Amino acid sequence: MAIEYIIDAVAFLKQEYGDISPMALAHSKGILVDAQHYGNIQESFRGFAIQLHGKLHVTLNLDQDEVMQQVCLAHELGHCILHPYSADARSFTSLSLDNTSTTEYEASLFAAEYLINDNDILTLCHDGYSVQQIACSLGYPVELIVLKVKLLLYKGYSELRLPFEAHGDFLGD
């Protein structure tokens, strides 16, 4: 799946539904979200998406901070929207920053594009912020910022630089 498709899908969703939270988007799209406490993240999962009886479901572990709940939900919505007929329901444990799993990488790109406003990144870059400083300022993991910068580079903002190399296992196993 091309990066352009992911960018276009997010743009369409925001045009159709407005700039709403991932939970509101799930509700608007008829995607059922089961958010409960499933245990410590080190010993459990963050979330997963699955299709049951023709209906898309996302299970979200509430035993993670609110930012990671939003990142996880946006990632799982990426699966529901980009890969609705995928039969596998692997649990989400980390943002994929490489191409080892195409569907995981695409869902992470979807989350970055959906959650982070282009202008927020561009303004902070223009003000001289590093990737780490942008992450602190916006409250997102550095790895999600790296993915968003990659999307901005794809969109033609060639003046952006990635002085930070991120690894896909930052959320743990």
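## Helix packing and a buried asparagine

The protein chain holds 7 helices and 3 strands, where helices (H or I, at least four residues) and strands (E, at least two) are DSSP runs numbered from the N terminus. The model is predicted, so that local features need pLDDT of at least 70 and side-chain atom pairs count only at pLDDT 80 or more, while totals for chains, interfaces and linings use all residues. Residues are numbered from 1 along each chain as its sequence is written, and side-chain values use heavy atoms, with hydrogens and water left out.

From the N terminus on, the elements run α-α-β-β-β-α-α-α-α-α. Of the 173 residues in the protein chain, 45% are buried (under 20% relative accessible area, 1.4 Å probe, protein chains only).

Helix α1 (residues 3-17) and helix α4 (residues 102-115) pack at an angle of about 40°, with their axes 10 Å apart. The two helices are therefore oblique to each other, a class left over once angles under 35 degrees (roughly parallel), over 145 (roughly antiparallel) and 65 to 115 (roughly perpendicular) are set aside. In α1, I3, I6, I7, V10, L13 and K14 meet E106, L109, F110, E113 and Y114 of α4, contact meaning heavy atoms within 4.5 Å. By class, this contact has 8 nonpolar, no polar and 3 charged residues.

N61 lies in strand β3 (residues 55-61) and is buried, with a relative accessible area of 0%.

| Backbone atom | Side chain | Distance |
|---|---|---|
| Nitrogen of Y38 | N61 | 3.2 Å |
| Oxygen of G39 | N61 | 3.2 Å |

Definitions and conventions: Axes are lines fitted to C-alpha atoms, for helices over the stretch in contact, and angles run from 0 to 180 degrees between N-to-C directions. Ala, Val, Leu, Ile, Met, Phe, Trp, Tyr, Cys and Pro count as nonpolar, Asp, Glu, Lys and Arg as charged, and the others, Gly among them, as polar. Buried means under 20% relative accessible area, exposed over 50%, partly exposed in between (1.4 Å probe, protein chains only). A polar contact is a pair of N or O atoms within 3.5 Å; within protein, one must be able to donate a hydrogen and the other to accept it, and residues adjacent in sequence count only if both atoms are side-chain atoms.
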